[in-house]
Amino acid sequence: MSVKFCDSETKADLMRAFAGESQARNRYVFSADLCKKEHLHVIEQVFRFTAAQEQQHAKIFYDHLQELNGHTIVIDAGYPVDNYKEVDKLLRAAQHNEYEEHDDVYHHFGEVAASEGFAKVAASFQKIARIEKTHGDRFGRLAQLLEDGKLFVSDVETGWMCLKCGHIYQGTEAPKVCPVCQHDQGYFIRMDLLPGC
């Protein structure tokens, strides 16, 4: 079934997704600020890294709306309030929200877009859904490490990288202070958690 874009449910879903991604970006920046205060710089950087990707997702969805320049799209939607003061709760909330986008929201939006004849929009929803799964997995892994007291400790020897200078250390615990740049342990990340790994 082919539908005019201005009369479609897809346009509203795009605006919902744009609003959701924009809010996720801000929630992650706020979460990063808390992590910085807690000297959990590695989690701070993951939140900031993910926030930048959420901003890009928002732009992709917004760009699909370009033919409606000058119009106002009224939507009805719900968005989470995750204003926790505990980093582990922020990570678990982020994990939940990312999985919800992957498991339910974007798959549904993609199906609607495809049924209305908007193949490019459907593809964007499906591809971004897979990225959100990756985000959720990473947030969940960090939450588990933090909850288990193993963010900077490993049961087996592993590689740790200082996010400030790039120094790589092999061991079962990240150094308390980087021997190269003298930044604290909070800047060390397991090599297998580096973006792209």
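Begin by selecting Phe 61, Tyr 106, Phe 109 and Phe 125, which together form one aromatic cluster. Rings of Phe, Tyr and Trp (its six-membered ring) are paired here if their centres lie within 6.5 Å; planes under 30 degrees apart count as stacked, over 60 as edge-to-face and the rest as tilted.

The model is predicted, so that local features need pLDDT of at least 70 and side-chain atom pairs count only at pLDDT 80 or more, whereas totals for chains, interfaces and linings use all residues. Residues are numbered from 1 along each chain as its sequence is written, and side-chain values use heavy atoms, with hydrogens and water left out.

**Aromatic pairs**

A search of the whole structure finds ten aromatic pairs. Select Tyr 28 and Phe 47 next: their pair is tilted, at 5.7 Å centre to centre with 45 degrees between the planes. Tyr 28 lies in helix α1 and Phe 47 in helix α2, 19 residues apart, and the pair thus links distant parts of the chain. Helices (H or I, at least four residues) and strands (E, at least two) are DSSP runs, numbered from the N terminus. Tyr 28 and Phe 47 are buried, where buried means under 20% relative accessible area, exposed over 50%, and partly exposed in between (1.4 Å probe, protein chains only).

Return to Phe 61 and Tyr 106, an edge-to-face pair with 5.4 Å centre to centre and 65 degrees between the planes. This pair joins helix α2, which holds Phe 61, to helix α3, which holds Tyr 106, across 45 residues. Both residues are buried.

**Nonpolar cores**

A nonpolar core is a set of buried Ala, Val, Leu, Ile, Met, Phe, Trp, Tyr and Cys residues joined through side-chain atoms within 4.5 Å. The largest has 31 residues, and Ile 43, Phe 47, Leu 91 and Leu 151 have the most contacts inside it. Two or more of its residues come from each of α1 (9-37), α2 (41-63), α3 (87-115), α4 (119-147), β1 (153-162) and β3 (188-190).

Centre the view on Ile 43. Leaving aside neighbours within four places in sequence, Ile 43 is in contact (heavy atoms within 4.5 Å) with Cys 35, Val 87, Leu 91, Leu 142, Leu 146 and Leu 151. A second, separate core of 17 residues includes Ile 73, Tyr 106, Phe 109 and Ile 128.

**Positive phi**

Most residues other than glycine have a negative phi. Select His 39, in the loop between α1 and α2; its phi is positive, about 60 degrees. Finish at Gln 182, in the loop between β2 (168-173) and β3, where phi is also positive, about 70 degrees. Gln 182 is exposed, with a relative accessible area of 53%.
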